[in-house]
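Biologist: Take me through the ligand site, please, one piece at a time. I'd like the contacts, the surroundings and the cut-offs behind them.

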Amino acid sequence: MENLEKKIQEADSLEALEKVRIEIFGKKGVLSAEFAKLKDIPASEKKEFAAGLNRKKAQLLDIFNSRHEILAQEALHKQLKSEDFDLSLYSFNSQKGALHPVRETMDKIIDYFVALNFAVESGPMAEDDFHNFEALNLPKNHPARDMQDTFYFADGKLLRTHTSPVQIRTMLKEEPPIRIIAPGAVFRRDYDLTHTPMFHQVEGLVVEKGHKVSFANLKWILTDFLHEMFGEVDVRFRPSFFPFTEPSAEVDISCIFCKGSGCRVCSHTGWLEVLGCGVVDPNVFEAVGYKDVSGYAFGLGVERFAMLLHQIPDLRSLFEGDIRLLEQFR
Ligand code: DAH
């Protein structure tokens, strides 16, 4: 009995302590054996003997529990230490990632307009006829619908062919003044050197109450924007047609490759088309229930910008997921 305390204190691992526990407190342990002696003890001494034994047992349990706690702590420390790793260690094989050129170009475009207080809006890619066509002054059987080969779902919904439907969604939920851009993916049935079934656009829309907004405002902001994106290029506005704007224009920059003297990229015209824009058509305002307002809108293809900025010859290479493309943009 005397050296039991010492045995507990000398256990130097949880396993060793467990053995000691069985030896002392187990069914066939020292204490059980002591308690068994009770039956041979004279009745007058039983009470005192049992009380002493119980005190001893409580005392040993105390010592056991504190020893157990110390050993458990030690085991935990040992485990943590063995699993420890140094976060500051330098990894020699780390590969740096890169932003996809489309993402990087999109961010650049967004940054320009956000700095001018435009809000960034979004809308669903699965659209309905009303938002994608009808409200944008493209009624059923309008020949301009042919400009956009559309993917249709069985239920009549469609994959949006441009980001212009976000104009409609924004105007239906807000009142002027509106100053938004809407970046996002769009879909058309097209596949060649300069067309992929999915690509990205950024739509812009500004609407004010009254007649404050003119083509002049549109011309200023797009010219400044294109200078920001492409540097010192010439910018020209060419009359064009879009159902949702009147008047409409397409915007060209002087070819950034030949500086306007004519090359293969600009088809020897000296100009590159980069944007569509115009003054918002009254029919569009009518479709969203706006009265006495004025506004302008524009739309651009992000991949076209990325291809020009990085001289990428084949649009399809942007979507093949070949890591070697990204490695060039680190
Ligand atoms: N939605 C047109 C397209 O996909 C681009 C566009 C042109 C948007 C003129 C506009 C705009 O807002 O005014 O080709």
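Modeller: Let's start with S164, which has a polar side-chain atom 3.0 Å from a nitrogen atom of the ligand. That is a polar contact, meaning a pair of N or O atoms within 3.5 Å; within protein, one must be able to donate a hydrogen and the other to accept it, and residues adjacent in sequence count only if both atoms are side-chain atoms. Keep in mind that this is a predicted model, where local features need pLDDT of at least 70 and side-chain atom pairs count only at pLDDT 80 or more, while totals for chains, interfaces and linings use all residues. Side-chain values use heavy atoms, with hydrogens and water left out, and residues are numbered from 1 along each chain as its sequence is written.

H162 also reaches a ligand nitrogen: an N or O atom in its side chain is 3.0 Å away. E203 goes for an oxygen atom of the ligand instead, with a polar side-chain atom at 2.5 Å. As for cover, the ligand taken alone exposes 360 Å², and the protein buries 91% of that (Shrake-Rupley areas with a 1.4 Å probe).

Zooming out a bit, 16 residues surround the ligand, each with a heavy atom within 4 Å of it. The closest are H162, S164, R188, Q201 and E203. By type, the shell splits into 5 nonpolar, 9 polar and 2 charged residues (Ala, Val, Leu, Ile, Met, Phe, Trp, Tyr, Cys and Pro are nonpolar, Asp, Glu, Lys and Arg charged, and the others, Gly among them, polar).

Now the space itself: the ligand takes up the largest pocket. A pocket here is an open set of points on a 1 Å grid over the protein atoms alone, with protein on both sides within 12 Å along at least five of seven lines; a molecule sits in one if more than half of its atoms lie within 2 Å of its grid points. Strand 5 (198-209), strand 8 (271-280) and strand 9 (293-301) are the elements that give two or more residues to the shell (strands are DSSP E runs of at least two residues, numbered from the N terminus).

Definitions and conventions: On a 1 Å grid over the protein atoms alone, a cavity is a set of points where a 1.4 Å probe fits but cannot get out, and a pocket is an open set with protein on both sides within 12 Å along at least five of seven lines; lining residues have an atom within 4 Å of a point. Helices (H or I, at least four residues) and strands (E, at least two) are DSSP runs, numbered from the N terminus.
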